[in-house]
Amino acid sequence: MYLSAESIYLYIILVVPALVLAIFAQITVKSRYSKYSRIKNSRNLTGAQAAMNVLNYYGVTGVKIIPIKGTLTDNFNPRNNTISLSEDIYYGTSVASVGIAGHEAGHAAQHAENYFPIKVRNAVIPVCNIGSWVGIPLALIGYFLGIQGLITIGLGLYAMITVFQLVTLPVEFNASRRSLKVIEETGMLADGEERSGAKKVLTAAAMTYVASLAVSLANLLRFIILLGGGSRRD
């Protein structure tokens with residue numbers, strides 16, 4: 001494969017910053033979580049209680065809240081209607097625990113309300129899974145066989161990973177907004193450093209999704225540069 005000087009330059013100025021952003025986002029979220037997981041909330045509220053408060057606020061019922069192993073392994077599974085919180089979050093009474101638990105409960109509220117971006121993301125997942133497995137191999141086959149159509153189809157399938165990352169952003173941002181809204185309106189955290197800390201933790205977590213989108217775009221660009229110019233010519 002031949003790369004022109006222009007292609008190499010474009011690769012460097014777009015791909016490298018995306019990778020730097022991803023590293024920075026991961027460092028930031030770990031740093032803020034570490035800081036605010038050591039600051040106890042004045043209400044002595046656990047993460048499990050905070051998640052339940054958010055569910056109650058939005059009138060969501062039938063959702064289980066359980067502890068799981070690991071750190072920052074928190075998630076909501078709509079298939080069994082379960083919020084799984086890492087033990088530090090589930091049992092913890094820190095500012096970070098309240099914010100993160102509330103975020104996962106926000107996802108449960110989204111599903112209960114049939115939040116539209118959730119529907120879009122779910123619709124994209126099957127194609128995204130296919131694209132992640134066969135997109136680049138198909139494009140490579142097209143490149144070496146000299147079939148432009150296969151290159152286009154392969155890159156199009158691979159691009160669905162980027163589409164998935166894009167539609168994930170409003171879902172994650174909205175879940176954080178729901179959590180912060182309940183924190184403020186119900187007084188789960190005291191005004192000042194506690195609420196500010198929860199917001200900082202959730203904002204840092206959201207930035208990891210922005211970084212994932214940037215990396216996905218960069219990878220897509222990388223393959224477009226390598227393969228998108230046409231089939232191989234010996």
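Helix α5 is followed by Gly146, whose phi is positive, near 75°; helices here are DSSP runs of H or I with at least four residues, strands are runs of E with at least two, and both are numbered from the N terminus. The model is predicted, so local features need pLDDT of at least 70 and side-chain atom pairs count only at pLDDT 80 or more, while totals for chains, interfaces and linings use all residues. Residues are numbered from 1 along each chain as its sequence is written, and side-chain values use heavy atoms, with hydrogens and water left out.

Helix α5 itself covers residues 116-145, and its 30 residues should span 44 Å at 1.5 Å a residue, the expected span being 1.5 Å times one less than the number of residues. The end C-alpha atoms of α5 are 41 Å apart, which agrees with that expectation. Along its course α5 bends by about 45° at Val134, with a proline, Pro137, following within four residues; the bend is the angle between axes fitted to the seven residues ending at a position and the seven starting there. Buried residues of α5 include Pro117, Arg121, Cys128, Gly135 and Tyr143, where buried means under 20% relative accessible area, exposed means over 50%, and partly exposed lies in between, with a 1.4 Å probe and protein chains only. Among the elements that cover the buried residues of α5 are α4 (95-112), α6 (148-186) and α7 (193-227).

Leaving aside neighbours within four places in sequence, Val63 is in contact (heavy atoms within 4.5 Å) with Leu55, Phe76, Asn81, Ile83 and Ala108.

Tyr90 is buried at a relative accessible area of 19%, whereas Tyr91 is exposed at 53%. The pair of Tyr143 and Phe144 is likewise edge-to-face, because the ring centres are 5.3 Å apart and the planes stand at 85°. Here Tyr143 is buried at 8% relative accessibility, and Phe144 is partly exposed at 47%.

Two arginines lie over ring faces: Arg178 over Tyr58, at 5.1 Å from the ring centre, and Arg222 over Phe223, at 4.5 Å. A charge sits over a ring if NZ of Lys or CZ of Arg is within 6 Å of the ring centre and within 35 degrees of the ring normal.

Most residues other than glycine have a negative phi. Leu72, in the loop between β1 (64-68) and β2 (75-77), has a positive phi near 55° and is partly exposed, with a relative accessible area of 37%. Asn114, in the loop between α4 and α5, has a positive phi of about 55° and counts as exposed at 51% relative accessibility.

Technical notes
Rings of Phe, Tyr and Trp (its six-membered ring) pair if their centres lie within 6.5 Å; planes under 30 degrees apart count as stacked, over 60 as edge-to-face and the rest as tilted.
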